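Please keep the sequence and the coordinates in view while following them.

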Amino acid sequence: MERRAFVTSLVAGGCAGMCVDLTLFPLDTIKTRLQSQQGFYKAGGFRGIYAGVPSAAVGSFPNAAAFFVTYDCTKSLLGARGVLEAPHLAPVTHMLAASLGEIVACLIRVPTEVVKQRTQASPSSGTYRILLATLSEEGVRGLYRGFGTTVLREIPFSLVQFPLWEYLKTLWSWRQGHTLYSWQAAVCGAFAGAVAALVTTPLDVAKTRIMLAKAGSTTASGNIPLVLYDVWKSRGIPGLFAGSIPRVTFISVGGFIFLGAYEKVRTTLL
């Protein structure tokens, strides 16, 4: 990957992450409180809708930048004169690139997500107090609570979203006979994100429960099948898809902003 392409992916990805995370933060707070074990209103309801925003602001740029740098590097290594350069293998390239990108990004995303979600579920406590409490009670490992669950949620999500996004862009571009404008890439991103978000909602519910659980509890151990079984037993299928409407809304609008902003910044820089 050329240096210019590397810097472009870094800047475009970071800017896209900042745009989407800060614009749609209130929806994310509502989703977290709907999935919380204590229930929507006890977790804060509609109060303090921007609780946890400092954590999101700090983590969004490096998180998204890390994802896109890894995604684009992997695509160029595997796709351009690589082992998967054949056109019919493009979806496999996109799947592998997205999966690797998510694993790298989660190293930054999970600590900020833990602090953000705990602040969202306890709006009376500030971001800094939540961070200090987590470190004093659980150490650095506490900031990575739910890392495995987050990776297991993000990889299936990316396996659906990115190959679908790339396919829709290729199809639309072929039909109109020229490269897509950034708003068209954004529309493809919105549709791909909505489909991926709905399919992976149960994993998102499990991730939220694990991150918000009290240290030392059964849920905090991170056993995903057990957490999903407990949710299903107590709240049924609706419980497994709790927060799906704000999640699908958040991610489809987020996909529009995120992937549209990425394409716009990328084409401007290149």
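By about how many helical turns are F68 and Y71 separated in helix 3? The model under discussion is a predicted one, and in it these two residues are 3 positions apart in helix 3, so about one helical turn lies between them. F68 and Y71 are both buried.

The aromatic rings deserve attention next. In total, the structure holds 15 aromatic pairs. One of them joins F68 and Y71: the ring centres are 6.3 Å apart and the planes stand at 85°, and because an angle over 60 degrees counts as edge-to-face, the pair is placed in that class. An edge-to-face pair is also formed by F162 and W165, with 5.9 Å from centre to centre and 90° between the planes. F162 and W165 belong to helix 7, where 3 residues, or about one turn of the helix, separate them. Both F162 and W165 are buried. The two pairs come together in one aromatic cluster, made up of F67, F68, Y71, F162, W165, F258 and Y262.

In soluble globular proteins, nonpolar side chains tend to be buried together. The largest nonpolar core of this model has 27 residues, and those with the most contacts inside it are F68, Y71, F162, W165 and F258. Two or more residues of this core come from each of helix 1 (3–23), helix 3 (53–79), helix 4 (90–121), helix 7 (147–176), helix 8 (182–199) and helix 11 (244–269). Helix 11 makes the greatest contribution, with 6 residues. Once residues up to four places away in sequence are set aside, Y71 touches H94, A97, A98, F162 and E166. Another core, of 7 residues, lies apart from the largest one and includes V205, A206, I210 and L240.

Helix 4 has 32 residues, yet its end C-alpha atoms are only 41 Å apart, whereas a straight helix at 1.5 Å a residue would reach 46 Å. Helix 4 also contains a kink of about 45°, centred on C106. For helix 7, the 30 residues should span 44 Å at 1.5 Å a residue, and the 42 Å between its end C-alpha atoms agrees with that expectation. After helix 7 comes G177, with a positive phi near 85°.

Is T134 buried or exposed? T134 is part of helix 5 (residues 127–138), and its relative accessibility of 3% lies under the 20% limit for burial, so T134 counts as buried. Its contacts, neighbours within four places in sequence being left aside, are R118, G139, G142 and L143. S221 is located in the loop between helix 9 (201–212) and helix 10 (224–240). With a relative accessible area of 57%, S221 is exposed. Between the C-alpha atoms of S221 and L240 there are 19 Å, the two residues being 19 positions apart along the chain.

Methods: Residues are numbered from 1 along each chain as its sequence is written. This is a predicted model: local features need pLDDT of at least 70, side-chain atom pairs count only at pLDDT 80 or more; totals for chains, interfaces and linings use all residues. Side-chain values use heavy atoms; hydrogens and water are left out. A nonpolar core is a set of buried Ala, Val, Leu, Ile, Met, Phe, Trp, Tyr and Cys residues joined through side-chain atoms within 4.5 Å. Buried means under 20% relative accessible area, exposed over 50%, partly exposed in between (1.4 Å probe, protein chains only). Helices (H or I, at least four residues) and strands (E, at least two) are DSSP runs, numbered from the N terminus. Contact means heavy atoms within 4.5 Å. Rings of Phe, Tyr and Trp (its six-membered ring) pair if their centres lie within 6.5 Å; planes under 30 degrees apart count as stacked, over 60 as edge-to-face and the rest as tilted. The expected span of a helix is 1.5 Å times one less than its number of residues. The bend at a residue is the angle between axes fitted to the seven residues ending there and the seven starting there.
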